[in-house]
Amino acid sequence: PKRLIALIEILIIIYIIVNIYMLYYYYRKPMGIFSPVYVIAFMSLGQILPQLTTIYYLPHVYNPSILYNLLITMISCNLAFMIGYERKVTLKSNKILDIKSSWIKPLIILFAPGSLIFDLIMSASHAGIKTATDGVIAFQFQALGYISLILTLMYLRENKLTLWLVGCLILSTLPILHYAFGIYGSRLSTFTVALLYAYLLAIKFPNRYNLIKKIFTIFFIVGCIGSLSISEIRTNMGKDSQNSISDINFIKNIKKSFTGGSYNERAGMDLGNAALGIDYCFQKNEYNYGSFIWNGFVFNYIPKRLVGENIKTSLIIPFEADKYIQALTNGITCTTGYYDAFSAFSWFGFFVFYFLARIFAWIRKRGSYSTLYMTLFFYMLANSTVGVTHGLQLIFAKIEFLILLFFTIQFVIHKKNIRIVILKRILALNLTAKKLITKRIYNRKYYNQ
């Protein structure tokens, strides 16, 4: 109906205005380009908007009626995220968890090879060589490399660059860039490196922040333009391809991306999957109430090699909409963070984005006093790009990973300390016993005399 089409067009315009305002507001704020709101607004305009207009231009593929719930969700979620991040966070206690300064250097050195191990695994995988690991494990190694890089940059905020730090930076950065430009064409890896080094430059040269934010924003724009041709880029990077990246017509692809010309019927689209999934939940009145977070945790951190596939499957909370999308999209199941929000609480799904923004704000506040929290903040911030375009679990997984990682380290160190204490007590008891025995022998000799 014409009224519905007109309403959808108005909602699309509102969505664009909201994200432009978010971008402008945080671009003007001090260090605003390093906020998750700025990143999500940029991804909304650069990645989500072309998919949204594609759905609009393909009424024979996507029924226009499914856009209403989708657009309401998208607008309310982005606004809720900004409001949640803007609300002030107060520190009720001065006691904040942190990494001991004596741990930082060992952790940087320990985690730096993670990037290289990840790169070797993925290089072997793309070359057709079978390895004893899988993608989930490989990406945990990449995460260690990211954490080493972030810890190094946090350390450099107050310390000078030394030779061993240069070595760790190279070891943690170059494999990430090799994976991004030499193997797969990873947008996330490229963005992560650019984000972290831009932050380091902004900290070291605060008087140059205006120049840094302009360069970073231009980089973001160029990245979004290149991302619209990501399928061709990855195809041309393949070892069997006879074409190069220079053969790609990026301008033509921009036009096709916004008008539906680049739509692939077999592959579908992430936002298209979200629209179909949201409509399915709405029609069936079925919601998962946030169980996607638990299911993601099971997928990432419950190894089927140890517990068995049946036990791992039984731990997952089934949700029919996920199965529907899997069957509909030939297994390509990225559904964006908007679907995660709506599938949890329907039109009140914006509370998921609000809650996530409060977590970001809470961690960022503590990051001003803690290297641990600042590391977690930037680790989450780097992944906020795929959180909105692929799924929110990709952000929650980073919180889970760091909690598991540092609790494990703390447990190992604590266990070692317990052993040392026990050993000292045993030695002390031995010395006490020796003194008592010596005294008893002396007393007996004295008595005998």
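These are my notebook entries on a predicted model of one protein chain.

**Entry: overall make-up**

I began with the secondary structure. The chain comes to 20 helices and zero strands. I then looked up burial: of the 449 residues in the chain, 47% are buried. Next came the contacts. Among those with a separation of 6 or more, 77% join residues 24 or more positions apart. The chain exposes about 24600 Å². Carbon and sulfur atoms supply 64% of that area.

**Entry: the cores**

Which residues touch the most other members of the largest nonpolar core? I found Leu52, Leu70 and Phe378, in a core of 116 residues. Helix α2, residues 36-57, gives this core its largest share, at twelve residues.

I went back to leucine 52 for its contacts. Leaving out residues up to four places away in sequence, leucine 52 touches Ile12, Tyr15, Leu67, Leu70, Leu71, Met74 and Leu271. One of these partners, Leu70, is also listed with Leu52 among the residues that touch the most other core members.

**Entry: cysteines**

I searched for disulfides and found zero. I checked two cysteines for burial. Cysteine 77 has 0% relative accessibility, so it counts as buried. Cysteine 281 is also at 0% relative accessibility and therefore buried.

**Entry: the salt bridge**

How many salt bridges does the structure hold? I found one. The side chains of glutamate 86 and lysine 29 form it, with 3.1 Å from N to O. The two partners come from distant parts of the chain, 57 residues apart. Glutamate 86 sits in helix α3, residues 66-86. Lysine 29 sits in the loop between α1 (2-28) and α2.

Glutamate 86 has a relative accessible area of 29%, so it is partly exposed. Lysine 29 is at 29% relative accessibility and also counts as partly exposed.

**Entry: arginine 366**

I looked up arginine 366 in helix α18, residues 350-367. Its relative accessible area is 11%, which means that arginine 366 is buried, since the cut-off for buried is under 20%. Apart from residues up to four places away in sequence, arginine 366 touches Val89, Thr90, Leu91, Ile96 and Tyr373.

**Entry: phenylalanine 350**

Phenylalanine 350 is also in helix α18. Its relative accessibility is 24%, so phenylalanine 350 counts as partly exposed. I then took the C-alpha to C-alpha distance from phenylalanine 350 to asparagine 78. The two are 7.8 Å apart in space and 272 residues apart in sequence. Which residues does phenylalanine 350 touch, not counting those up to four places away in sequence? I found Ser76, Cys77 and Ala80. Of these, cysteine 77 is the buried residue I had noted under cysteines.

**Entry: nonpolar surface patch**

A nonpolar patch of about 830 Å² is made by Leu7, Tyr68, Phe282, Tyr289, Phe345, Trp347, Phe348 and Phe351. I followed up tyrosine 289. It lies in the loop between α12 (270-284) and α13 (291-301). At 59% relative accessibility, tyrosine 289 is exposed, because the cut-off for exposed is over 50%.

Methods
Residues numbered from 1 in each chain as written. Predicted model: local features only at pLDDT ≥ 70, side-chain atom pairs only at ≥ 80, totals over all residues. Heavy atoms only, no water. Disulfide = S-S within 2.5 Å. Buried < 20%, exposed > 50% of the residue type's maximum accessible area, 1.4 Å probe, protein only. Core = buried A, V, L, I, M, F, W, Y, C linked by side-chain atoms within 4.5 Å. Helix = DSSP H or I, 4+ residues; strand = E, 2+ residues; numbered from the N terminus. Contact = heavy atoms within 4.5 Å. Patch = residues over 30% accessible without salt bridge, like charges linked within 9 Å, V, L, I, M, F, W, Y side chains within 5 Å. Areas by Shrake-Rupley, 256 points an atom, 1.4 Å probe, with all protein chains shown as cover. Salt bridge = Lys/Arg side-chain N within 4 Å of Asp/Glu carboxyl O.
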